[in-house]
Amino acid sequence: MEYQKLIDNALAIRKLAYVPYSKFYVGASLLTTDGKIFNGCNIENASYSLTMCAERTAIFKAISEGYKNLSAICVVGGFDIQKVTEYCYPCGACIQVMTEFCDSNFKIVLYDGNITKIHSLKELFPHIFTNLT
């Protein structure tokens, strides 16, 4: 599958990140199984625990609009707002949220400004915590 549109969207949306504390800009672009795209950026707060990651922003936007069949997410981030130069993996909280709404084959697309890496959710979180049987 071609993920260039997700990469382009994630790079664009990260410029809207509100990061006065960390100065670490993250963008995420989420693809549903029927081709709809939801974008999100990280949004910080002076009370750090109230900060929202880009990945969760995109996922919660999709879920709140009735889209529950999620296919892939692209995550890009870094300190330089103009370009990315390293991979930005989702944090544990974001991966845990993904397990709530995505199957183990859900794709996590990472881009370092040059090379694209694609992981499955199961690969990044092989021992998923769930309350579902």
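## Ala10 and the spans from helix H1

Ala10 has a relative accessible area of 0%, so it counts as buried. This residue belongs to helix H1. The model is a predicted one.

Ile108 lies 98 residues away along the chain, and the C-alpha atoms of the pair are 12 Å apart. Lys122 is 112 residues from Ala10 in sequence, with 22 Å between the C-alpha atoms.

## Ile108 in strand E4

Ile108 sits in strand E4, which covers residues 107–111. Its relative accessibility is 0%, so Ile108 is buried.

## Lys23 and its backbone

Lys23 is placed in the loop between helix H1 (4–13) and strand E1 (25–32). Its phi is positive, at about 60 degrees, although Lys23 is not a glycine. Most residues other than glycine have a negative phi.

How accessible is Lys23? Its relative accessibility is 43%, so Lys23 counts as partly exposed. That class runs between the 20% limit for buried and the 50% limit for exposed.

## A nonpolar surface patch

Four residues make up a nonpolar patch on the surface: Tyr18, Tyr21, Ile43 and Tyr48.

Tyr48 is exposed because its relative accessibility is 59%, and exposed means over 50%.

## The largest pocket

Rolling a probe the size of a water molecule over the atoms shows where empty space is left. The largest pocket holds about 170 Å³ of space. Its lining has 14 residues. Nearest the centre of the pocket are Phe24, Val26, Asn42, Cys53 and Ala54.

## Ser71 in strand E3

Ser71 is part of strand E3, residues 70–78. With a relative accessibility of 22%, Ser71 counts as partly exposed. The limit for buried is under 20%.

Thr57 is 14 residues from Ser71 in sequence. In space, the C-alpha atoms of Ser71 and Thr57 are 16 Å apart.

## Phe129 after helix H4

Phe129 falls in the segment after helix H4 (121–124). Is Phe129 buried or exposed? Its relative accessible area is 59%, so Phe129 is exposed.

Glu100 is 29 residues from Phe129 along the sequence. From C-alpha to C-alpha, Phe129 and Glu100 are 9.2 Å apart.

How values were computed. Residues numbered from 1 in each chain as written. Predicted model: local features only at pLDDT ≥ 70, side-chain atom pairs only at ≥ 80, totals over all residues. Heavy atoms only, no water. Patch = residues over 30% accessible without salt bridge, like charges linked within 9 Å, V, L, I, M, F, W, Y side chains within 5 Å. Areas by Shrake-Rupley, 256 points an atom, 1.4 Å probe, with all protein chains shown as cover. Salt bridge = Lys/Arg side-chain N within 4 Å of Asp/Glu carboxyl O. Buried < 20%, exposed > 50% of the residue type's maximum accessible area, 1.4 Å probe, protein only. 1 Å grid on protein atoms, 1.4 Å probe; cavity = no way out; pocket = protein on both sides within 12 Å on 5 of 7 lines; lining within 4 Å. Points joined across faces, edges and corners; volume = space filled by probe spheres on them. Helix = DSSP H or I, 4+ residues; strand = E, 2+ residues; numbered from the N terminus.
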